[in-house]
Structures are given as structure tokens and as C-alpha cells.
Amino acid sequence: QPVEVNVTASAKGGVVMAVIDRGQGIAPEHLPHLTRRFYRTDPGRSRASGGTGLGLAIVKHIVERHRADLEISSIVGKGTTIEVTFPRFPDDAASIVS
């Protein structure tokens, strides 16, 4: 199934990147745990396809290092949306990076 990626300006001047799929979705009880290392919603299926349960834990770490926010929402039978909201960096951001 196709995955959609959108990048838009946030209300506070930053950037929001959304990754949206129209797959089977994720049950609500799993959502709070998705960024834990080695967490799998369906361990048997993940092992068969080669998953380790590290993907979203790594994403969370990268997002935090960029001072961004991560939000995951999902509806079973409809799909999942993962949004990363990057803050607006000050005009002198070059001095922060270098």
C-alpha cells in the first residue's frame, strides 16, 4: 500500500512532517508503547518479516535530538499517522550547528 508524506508549516513557524499509511492500523492499547525498544504489537509476525522492534525507538531518539515532537495516531482498519513537529530555529541557528 502507498505511504503518503506531507511537509507543512506549523502554527508556531516550524515544520510538520507527517507519514501516513492506510494499512490495518494499530490498536489503542499499543500506541503508548510503540517507541519502546524491542516492542512489537505482533511478535510472531514481526519476527517472520525480520523486524526487531527498534525502528520507532530510533525515530524517537532522532526526533528528540532535533528538539522536535513525535505524535503517533492510529485507527484500526484505517491506518496510522506519525507526525514530527520541528521547532522554528532562531535566525542565528548557523552558530548553533557549527
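**Sheet arrangement, surface patch and loop residues**

V16 stands opposite T85 in strand β4, helices (H or I, at least four residues) and strands (E, at least two) being DSSP runs numbered from the N terminus. The model is predicted, so that local features need pLDDT of at least 70 and side-chain atom pairs count only at pLDDT 80 or more, while totals for chains, interfaces and linings use all residues. Residues are numbered from 1 along each chain as its sequence is written, and side-chain values use heavy atoms, with hydrogens and water left out.

Strands β2 and β4 run antiparallel and are joined by seven bridges; two strands are taken to pair if DSSP finds at least two bridges between them. Strand β4 (residues 79–86) is also joined by seven bridges to β3 (residues 69–75), again in an antiparallel manner. Across this second pairing, E71 stands opposite E83, and I75 stands opposite G79. The two strands β3 and β4 form a hairpin with three residues between them. In its turn, G77 has a positive phi of about 85°.

Overall, four strands form an open sheet in the order β1-β2-β4-β3, with antiparallel pairing. Strands β1 (3–9) and β3 stand at the edges and each has a single partner strand, so one side of each is left without a neighbour in the sheet. The twist averages 15° from one strand to the next, where axes are lines fitted to C-alpha atoms, for helices over the stretch in contact, and angles run from 0 to 180 degrees between N-to-C directions. Helix α2 (residues 55–65) packs on the sheet and touches β3 and β4, contact meaning heavy atoms within 4.5 Å. The direction of α2 makes about 145° with that of β3.

A nonpolar surface patch of about 470 Å² is made by V3, V5, V7, V15, M17 and V19. Patches are made of residues with over 30% relative accessible area and no salt bridge, like charges being joined within 9 Å and nonpolar side chains (Val, Leu, Ile, Met, Phe, Trp, Tyr) within 5 Å. Accessible areas come from the Shrake-Rupley method with a 1.4 Å probe, and for residues only the protein chains shown count as cover. A salt bridge is a side-chain nitrogen of Lys or Arg within 4 Å of a carboxyl oxygen of Asp or Glu. Strands β1 and β2 (15–21) each supply at least two residues of the patch. V19, located in β2, is partly exposed at a relative accessible area of 31%; buried means under 20%, exposed over 50%, and partly exposed in between (1.4 Å probe, protein chains only).

R67 lies in the loop between α2 and β3 and counts as exposed at 56% relative accessibility. Most residues other than glycine have a negative phi. The phi of R67 is positive, near 55°.

P87, in the loop between β4 and α3 (93–97), is partly exposed, with a relative accessible area of 32%. Apart from neighbours within four places in sequence, P87 is in contact with G14, H66, R67 and A68. The C-alpha atoms of P87 and K12 are separated by 7.5 Å, although these residues are 75 residues apart along the chain.
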